[in-house]
Amino acid sequence: MIGRNSLFGPVDPAADAGYADPPARKGFFTDTSVCIGCKACEVACKEWNDVPENLFEMLGTSYDNSHSLNANQWRHVAFIERPGPAGGTAGQPGQQADLPRPAVDLGMPEMGAPVVPDEAKPDFRWLMESDVCKHCTHAACLDVCPTGSLFRTEFGTVVVQDDICNGCGYCVAACPFGVIDRRRGPDGAENIGIAQKCTLCYDRLTDGQRPACANACPTESIQYGDVDELRRRADERVAALHEQGIMDARLYGNDPNDGVGGTGAFFLLLDEPEVYGLPPDPVVTTKDLPRMFNRAGVAALAMLAGAAVSFLGRRA
Amino acid sequence: MSKPPDNRVVDTSTRQQPAEWSEPTHGGSPSRRAGRGARGGRDARGQRRREGVGDVMVPDAEFTSYYGRQVVKPAPWEHDIAAYLFTGGVAAGSAMLAAGADLTGRPALRRVARFGSIGGLGLSVGFLVHDLGRPSRFLNMMRVVKLTSPMSVGTWILTLHGPFAGLAFAAEVADMLPEPVRRGRWAPLVGLLSRLGTPAGLVSGLTAPPVAAYTAVLLSDTATPSWHSAHEELPFVFCGSAAAASAGLAMVGTPTSQAGPARTYAVGGAVVELLAERKMEQSMGLMAEPLHQGIAGRLMRASKVLTAAGAVGALVGGRSRAVSVVSGAALMAGSLCTRFGVFEAGIASAKDPKYTVVPQRERLDRGEPVRYAPPDRRGQ
Ligand code: SF4
Ligand code: SF4
């Protein structure tokens with residue numbers, strides 16, 4: 001159904017989809033400032049959801065060999081090696097961001113790991129981010145799906161029904177984040193030719209469990225919960241980081257007024273979104289759909305009028 | 001917010017092909033490291049192609065990306081869909097010409113147009129089904145009517161239009177049957193079909209324009225940069241192209257004495273297509289670039305030449321059967337090039353992160369991110 005506001009703007013997606021009295025919207029807050037790039041989320045996701053192997057290839061792109069989010073990769077950890085001295089995750093207020101934060105002398109006796117001299121430290125620092133389907137408030141994939149295979153769950157998430165999808169691929173082109181994809185292999189895998197992506201572990205949620213990736217994350221970089229609560233936590237976290245002088249910290253996808261109505265899975269990033277392969281200001285394509293249909297309507301009428309005029313006064 | 005000094009890597013050599021299943025380069029070779037990347041491919045012939053950019057010359061933008069990888073995914077569609085854009089347009093325009101020919105007493109034009117209508121439709125459905133990941137589930141499209149999905153809307157438009165076009169075609173065939181058959185055992189059926197031809201053809205003509213126009217919405221309603229940014233003018237390009245192609249077919253198949261309206265329609269369609277295409281490129285900004293590069297660029301250039309030549313032929317050579325046939329064929333070829341060109345440009349724009357990142361980044365840097373404004377604060 002097209003409601004007054006439901007192609008754009010802040011809405012509660014489950015209520016907008018017609019659920020009466022749905023549970024609180026669920027989502028992820030992925031805090032990349034504590035991600036250690038262990039890929040536990042990638043593995044847990046594959047195991048729980050029985051996602052077949054992705055192409056394994058040494059890509060030469062840091063530690064990222066899983067390439068991208070696609071039908072066979074529902075969590076993807078991005079690795080970015082940034083020039084600059086190791087240890088610095090971000091800058092001091094008023095300082096260049098790439099400078100390391102000086103270690104704080106706690107006055108403790110030296111013990112544990114040996115002190116590494118500065119010259120021996122790597123000359124780069126890491127940005128790591130575990131990416132996933134954003135479960136958009138206005139999900140282009142869902143809007144354009146002609147079979148109703150993609151649907152909004154009571155938790156406000158977006159899920160593919162494998163047995164209904166006919167593999168038209170429209171959702172693939174519509175997603176502004178390049179998440180969903182038609183499965184192409186390997187031979188013998190289930191659901192080849194069918195669109196696949198993260199379900200936010202719908203089967204676990206209905207059982208009151210946390211999604212597999214959030215469960216496996218050892219640093220709580222991936223936090224799962226009610227979107228309202230996560231947004232509050234994210235605001236606090238970004239404020240705390242700014243206070244520590246990490247001025248590059250920013251939230252991505254948390255704003256319900258943004259181009260997709262805010263995402264259910266949103267992020268704390270330490271650099272511009274495009275550095276992580278995310279679109280900087282994505283907009284759901286169906287925001288412009290009424291306009292597109294209007295223009296097409298005018299063109300169609302013009303075509304009909306043109307045909308009529310061509311025959312005018314020319315009775316054979 | 002302080003920005004790190006210079007993290008803007010303008011990547012060149014590290015652009016990677018998507019390494020997903022069954023990509024053509026899938027071979028697991030680590031030596032593919034310096035991949036063909038979108039920009040790499042362009043550099044090979046960069047000089048020439050940049051000349052081709054002509055009046056929409058855009059300076060090379062600096063932008064950051066994740067190892068040069070695409071941000072949005074290209075539609076996983078084969079050339080079936082590009083071909084369908086063409087056959088659907090021929091079908092729609094032909095249905096209109098057939099109705100006009102029927103009403104104004106031009107049996108030869110009507111016959112060719114009815115054949116064009118049903119032939120175009122048959123091919124279209126074949127292309128559409130073939131392109132599905134699960135063709136056997138084609139009918140799942142009929143589960144729902146979804147106004148937010150142009151593909152669903154299009155399916156229902158075709159479902160509405162198809163039977164009437166089919167009936168008009170059946171009537172045409174009935175009229176072509178030899179006299180003994182028409183009067184024989186099947187006479188009642190043949191007679192009924194003949195009588196239904198005109199009303200069915202009329203309905204098929206009136207339901208045809210959406211068949212031609214919706215395909216523009218189908219492409220524009222995606223995150224594919226060069227399709228979405230074309231949404232203002234693409235319906236006019238496609239409708240003009242459909243008119244030109246269907247009229248071209250009629251010019252090829254109809255004696256010149258009856259093809260007058262087809263020639264007029266051809267000229268009108270060609271002019272609309274060429275003008276709308278020009279306007280479209282102007283309003284697309286950076287996203288028009290893929291229309292000038294590589295295969296898409298060659299197709300779009302060919303399309304303009306063929307369409308213009310065909311229109312001139314239709315305008316001045318109407319008396320000559322030979323000129324009509326050649327002009328009609330040129331118009332059809334021009335339309336085919338337009339459809340494939342637009343299709344290819346869109347796919348190329350999705351594969352290159354530039355077309356996703358740069359416009360959005362520029363919007364942000366101007367301080368104009370897309371944000372929802374409640375109705376009472378609009379336009380301020
Ligand atoms: S990120 Fe893409 S696939 Fe996920 S809900 Fe949004 S539009 Fe759909
Ligand atoms: S590929 Fe499947 S899920 Fe995607 S739009 Fe088509 S039918 Fe819907």
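Throughout these legends, a residue is called buried when its relative accessible area is under 20%, exposed when it is over 50%, and partly exposed in between, as found with a 1.4 Å probe on protein chains only. The views show a predicted model, in which local features need pLDDT of at least 70 and side-chain atom pairs count only at pLDDT 80 or more, while totals for chains, interfaces and linings use all residues. Residues are numbered from 1 along each chain as its sequence is written, chains are lettered from A and ligands numbered from 1 in the order in which they are written, and side-chain values use heavy atoms, with hydrogens and water left out.

**View 1. Two loop residues of chain A with positive phi.**
A:D21, which is exposed with a relative accessible area of 75%, sits in the loop between α1 (13-16) and β1 (26-31) of chain A. Although A:D21 is not a glycine, its phi is positive, at about 60°. A:D50, in the loop between α2 (40-49) and β2 of chain A, is likewise not a glycine and has a positive phi of about 55°; its relative accessible area of 64% makes A:D50 exposed. Helices (H or I, at least four residues) and strands (E, at least two) are DSSP runs, numbered from the N terminus.

**View 2. Strand β2 of chain A and its antiparallel partner.**
Strand β2 (residues 75-83) of chain A is largely enclosed by the rest of the structure, because seven of its nine residues are buried. β2(A) runs antiparallel to strand β3 (residues 124-132) of chain A, and nine bridges join the two, where strands are said to pair if DSSP finds at least two bridges between them. Within this pairing, A:P83 stands opposite A:F124 in β3(A).

Ligand 1 is surrounded by 14 residues, of which the closest are A:C133, A:K134, A:C136, A:C141 and A:C175; a residue is near a molecule or strand if one of its heavy atoms lies within 4 Å of it. The shell around ligand 1 divides into eleven nonpolar, one polar and two charged residues, with Ala, Val, Leu, Ile, Met, Phe, Trp, Tyr, Cys and Pro counted as nonpolar, Asp, Glu, Lys and Arg as charged, and the others, Gly among them, as polar. The residues around ligand 2 include A:C145, A:C165, A:C168 and A:C171, and its shell has seven nonpolar, five polar and no charged residues.

**View 3. A cis peptide bond in chain A.**
The peptide bond from A:G185 to A:P186 is cis, with omega near -5°. A:P186 belongs to the loop between β6 (181-182) and β7 (195-196) of chain A.

A salt bridge is a side-chain nitrogen of Lys or Arg within 4 Å of a carboxyl oxygen of Asp or Glu, and a search of the whole structure finds 31 of them over all chains. One joins the side chains of A:R232 and A:E229, at 2.5 Å from N to O. These two residues are separated by about one helical turn, because they are three residues apart in helix α7 (residues 227-243) of chain A. A:R232 is partly exposed, with a relative accessible area of 49%, and A:E229 is also partly exposed, at 29%.

**View 4. A salt bridge between two helices of chain B.**
The side chains of B:R110 and B:E172 meet in a salt bridge of 2.9 Å, N to O. Because B:R110 lies in helix α4 (residues 107-130) and B:E172 in helix α5 (residues 150-176) of chain B, the pair ties together parts that are 62 residues apart in sequence. B:R110 counts as buried at 14% relative accessibility, and B:E172 is buried at 0%.

B:W227, in helix α9 (residues 225-228) of chain B, is buried, with a relative accessible area of 0%. Contact means heavy atoms within 4.5 Å, and, leaving aside neighbours within four places in sequence, the contacts of B:W227 include B:W77, B:L219, B:F343 and B:I347. B:T356 lies in helix α14 (residues 353-365) of chain B and counts as buried at 4% relative accessibility. With neighbours within four places in sequence again left aside, B:T356 is in contact with A:P279, B:V71, B:V72 and B:P225.
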